[in-house]
Amino acid sequence: MADPTNHNQAGEVAPSTVDKQAPSVAEEHAPSTDSPEATDLPTANAPDPKAANSEDSPKAAKPTAVPPKREKPAAAAKAATGEKPAAGEATEEKPAAAKAAKKEKAPSVEDKPFVEFIEQDYLPALQKAIAQKGVQDLQVSFAKQKMPITGFESTEECWQIIGSWSEIGKRQFNLYFPDEDIQGKKGFSCNEGKKPSTLESFLIDERKITLDLLVYGLVQRLDGQKWLGRN
């Protein structure tokens, strides 16, 4: 016969062994109160992470907009046509002052056509220079004809400057341009009432002939002949 003391009174349920173990298990896994630990539970003061990262949130940090790179005029033009700029090509227009400084140099009088240069520039400058040396009755002409030198009668015609005056006797000089170019070969002859017999080279050592040099060279040659001034 079973011992009645080993059973609970009628109608009472014996406590489960799980219920007996629950308090000790809960205490074993309960967080320590010595140091705070973060939990997944939201609090009244903590912001919702999803709300903080939302683009609609006024307090959410938005990336700073980077202004688009401004294309330079030349680069933009080439981009519009699909043409690629050449390597090292300047894409910026140079200032107007720089362009003005690099304008092409105005052509000099020596760059004129040969006949135009002689008639418009050389003859007037030569007459003025010789007149300043005291010659008042100088006659100057420009013509294409044979050289009036003994032994040169069979040569072809060439352009010549012929100058003459009769202050003391009859003086005449000829300046020859066989190449029809002031930078080419040049010759000189002079005489006093007789046919010249010598053809001289003229300004053969100069690298570049200019208007002033042509005038100076001929005046010096006539002065060396003692035809100018008080000679």
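Select Pro 196: not counting residues up to four places away in sequence, it touches Pro 148, Ile 149, Thr 150, Ser 189, Cys 190 and Asn 191 (contact means heavy atoms within 4.5 Å). The model is predicted, with local features needing pLDDT of at least 70 and side-chain atom pairs pLDDT 80 or more, while totals for chains, interfaces and linings use all residues. Residues are numbered from 1 along each chain as its sequence is written, and side-chain values use heavy atoms, with hydrogens and water left out.

Pro 196 sits in the loop between β4 (187–192) and β5 (200–201); strands are DSSP E runs of at least two residues, numbered from the N terminus. Pro 196 counts as buried because its relative accessibility is 6% (buried means under 20% relative accessible area, with a 1.4 Å probe and protein chains only).

Next, select Gln 160 in strand β2 (residues 158–165). Gln 160 is buried, at 0% relative accessibility. Its side chain reaches the backbone oxygen of Gln 145 at 2.7 Å and the backbone oxygen of Lys 146 at 3.0 Å. Beyond neighbours within four places in sequence, the contacts of Gln 160 include Phe 142, Met 147, Pro 148 and Tyr 176.

Finally, select Gly 184, Lys 185, Lys 186, Phe 202 and Ile 204, which lie nearest the centre of the largest pocket among its 16 lining residues. The lining divides into eight nonpolar, four polar and four charged residues, with Gly counted as polar.

How values were computed:
On a 1 Å grid over the protein atoms alone, a cavity is a set of points where a 1.4 Å probe fits but cannot get out, and a pocket is an open set with protein on both sides within 12 Å along at least five of seven lines; lining residues have an atom within 4 Å of a point. Helices (H or I, at least four residues) and strands (E, at least two) are DSSP runs, numbered from the N terminus. Buried means under 20% relative accessible area, exposed over 50%, partly exposed in between (1.4 Å probe, protein chains only). A polar contact is a pair of N or O atoms within 3.5 Å; within protein, one must be able to donate a hydrogen and the other to accept it, and residues adjacent in sequence count only if both atoms are side-chain atoms.
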